[in-house]
Amino acid sequence: MSWTRRIRVVYQAFFLVLFLWLLARLAAGDPRDLPFTAFFHLDPLAAVGVTGAAGTLPGPLIWGVALIVLTILFGRVFCGWVCPLGTLQHLVSRLLSPRSRRESLRVNRYRRWYALKTYILVALLVGAAAASLQTGLLDPLSLLARGLASGVWPMLPGGKPVPGGWLAGGLLLAVLVASRFIPRLFCRAFCPLGALLGIFARFALFRIRRAGEGCSTCSLCTFACQGADEPLGEHRVAECHVCLNCTDSCKDGVIRYRFLAPAAPAPAKPDLSRRYLLGSGLGALVAAPLLQAAGGGRGAARAELIRPPGALAEPEFLQRCIKCSLCQQACPTGALHPAIGQAGVEGFWTPVLVPRRGWCEFACTRCGEVCPTGAIAELTAARKTGYDGAPPVRIGTAFVDWGRCLPWAKSTPCIVCEEMCPTSPKAIWLEEVVEPDRHGRPVRLQRPRVDPALCVGCGICEHRCPVGEMAAIRVSSVGETRDPLNRMVVSVPG
Amino acid sequence: MSRREAVTRLAAAGLVAGGVGAGALFFHDRRRAEASAPPIPDWRVPPSDQFPLAAAATGSDPADNVRRVVAVLGGMGRFVRAGESVLIKPNVGWDRIPEQAANTDPQVVAELVRLCRAAGARRVVVTDISCNDPRRCFARSGIAAAAGAAGAEVIESHRLKLVPAALTGLAAGLEVIEELLKADRVINVPVVKHHSLSRVTLGMKNWYGVVGEGRNRLHQAIDRSIAELGAAFRPTLTVMDATRLLVRNGPQGGSLGDVRAGNAVAAGTDPVLCDAWGAAQLGHAPDSLPFIQLAQQRGLGRADLKAIRQV
């Protein structure tokens, strides 16, 4: 192995370990200000998608420009050297598929349908601009983080179950298993980020070039070609991951990675069909508004759609959420879960708070701190709790179910919800009554009641309610700060 | 590689990088996520000692009553200048015919439209947010036909655009008619009738009809809400329609047995005084109604019935 490949492997290992370590630190609640969002801030797909959907490029996402400039200089080095999902696929293809040389040649040949990723990119970006941001479904960084947070972390010791997490975990698994059969199949055929970088790689100043003289056309360069970009033929710079396996394996020394290497002549068959490009754009123009209008998401507030504290109003939120699961990974109580049906089709895999699984810790502002796109605004603890004098940030309101509550329905004393209520004064207060039990003996009971003017909807009452599967006090989204129309009482300002 | 090709490649790469950078800078933090509610304008004209604060007229012809009270107040030319846009806000809340007295009388509305037109109004909009199907309310109340024939642009509720309102005294989350915020002058034209919660529904209560989403929460504190709305919306003119009085089973009524002939119209620049007059038509002393007291305390007007000039 040559030094270039060794360096590349070191880079890949470093970024993969960094990605996993950051997720692990996030899950562990590391109080340090680690760069949890760095990968996502560098992600130009997130930047372009959010800009298209929201009409504005939120703050640090502008770092995506750096990755584009890097690509214009060196080609898709991100894919070959940095992307942790690429590295994992690379690893799978290397470890799990002992191949004959013939087979290696076959699986690493370019196929026209690899252009699918560009059609996917066009559909996602047109869809984002038209109505609905869905880049997060296939963004490799979101896909990996989500698969790990929802599929892998729950399996680890101490991990909390994520209902429906198998979907995200399953997608990640499928991507990795596919690489056993065709190396980096996801990168080659599906990755919208790779397709986006490929557009800029066409201008790359450094690139692979086969200098004509002395090539014995042995095809060794193609055996380990990760991008299926045909270094031996008319090299497709937009497909190349710059893994440099080809320069390394060329025993004639004719394939080189050079500054201002002459561009390869255009391939005999163009890699993109204009008709398909137009088709994917038009398809998205129809599908995205359909998702928005008929997918059952934004139109009206929903009881079970409890968003993290600081989440923007639903349309603005959906214009920014890239479904990366960082908030979910960061939530110390395990309250945030990927939505399956709660947010409509459009909001699939966006974060919702499930109080039975966890509660919103009163002074915790973790989810907003790690949201890479500002879909969840960053709050200070004083702002969130209302200690700064303004009304607190509410995510919903708790309701007592009189038919299930122990003091209300079962003549059994209990005050757990009131005890847990974090606001001051408490939103849950106790009404004292003396009531006969079935034998006529008087029982002193304290019945919990909720003051909607004080309740912030944190859900710790629902979480800690001793009434098993379905709590006797439950939170729904009404009263949430982010939606001024989703209100109940007139007297609560803010 | 030739020098020309090298320069071309470098230039292309530089241009693309520059373009991406410029695009990113253009969009960078271009828009904040929170939209702010536009302020509610003040549509009043300057007060004048020459004219009474309110006037009332009785007679069997509602249009004539309107003409007489407006004339005493200085004529429509005092309130509407040539080229201005006027929004007239009657009560078109219910699928009821005029005889049932749940909505403002169409002749009163139509006469106001004609007076505004004669004063040179560029555009007169008649609108309300109905409680029943707006198509039925506007048709069966007779208001769409009468106001349309008089030269108004009648906008039924379902065609209105609503925008967030800056009603800070009430909970956030109220939407109001955008047309209202765009109008130069606003004339509030309630019908005087019974209401089961606030006892009577008059001029300041009529502002419920410009509120869309969130309106159903205002009933929890109806008197305070009425006063808040009265403080937020300052009309050019209030015209009280007491042609017929719905005295029971308000605000919807239905039975002609609940309707009494009123044959009166009042108008004025003091909304609290106008409400006091309306309350009196239904036999309530103004001081007995908490929302009138609250409005007085807030300085929105004075419920002094002696200030009304009878014509």
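Leaving aside neighbours within four places in sequence, Phe78(A) is in contact with Leu67(A), Leu70(A), Thr71(A), Cys83(A) and Leu197(A). Contact means that C-beta atoms, placed from the backbone, lie within 7 Å.

This is a predicted model: local features need pLDDT of at least 70, side-chain atom pairs count only at pLDDT 80 or more, and totals for chains, interfaces and linings use all residues. Residues are numbered from 1 along each chain as its sequence is written, while chains are lettered from A and ligands numbered from 1 in the order in which they are written.

Phe78(A) also belongs to the largest nonpolar core, of 142 residues. There, Phe78(A), Leu326(A), Cys327(A) and Ile473(A) touch the most other members. Helix α8 of chain A (residues 116–130) gives this core its largest share, 8 residues. A second, separate core has 96 residues, including Met76(B) and Ile187(B). A nonpolar core is a set of buried Ala, Val, Leu, Ile, Met, Phe, Trp, Tyr and Cys residues joined through C-beta atoms within 7 Å. Buried means 20 or more other C-beta atoms within 10 Å of a residue's own, exposed 12 or fewer, and partly exposed in between.

Trp21(A) lies in helix α1 of chain A (residues 3–28). Helices are DSSP runs of H or I, at least four residues, numbered from the N terminus. Trp21(A) is exposed because 12 other C-beta atoms lie within 10 Å.

Now the contact between the chains. Chain B supplies 28 residues and chain A 27. On the side of chain B, helix α1 (residues 3–27) brings the largest share, 10 residues. The predictor gives the complex an ipTM of 0.87 and a pTM of 0.88.

Notes
Helices (H or I, at least four residues) and strands (E, at least two) are DSSP runs, numbered from the N terminus. Two residues are in contact if their C-beta atoms, placed from the backbone, lie within 7 Å.
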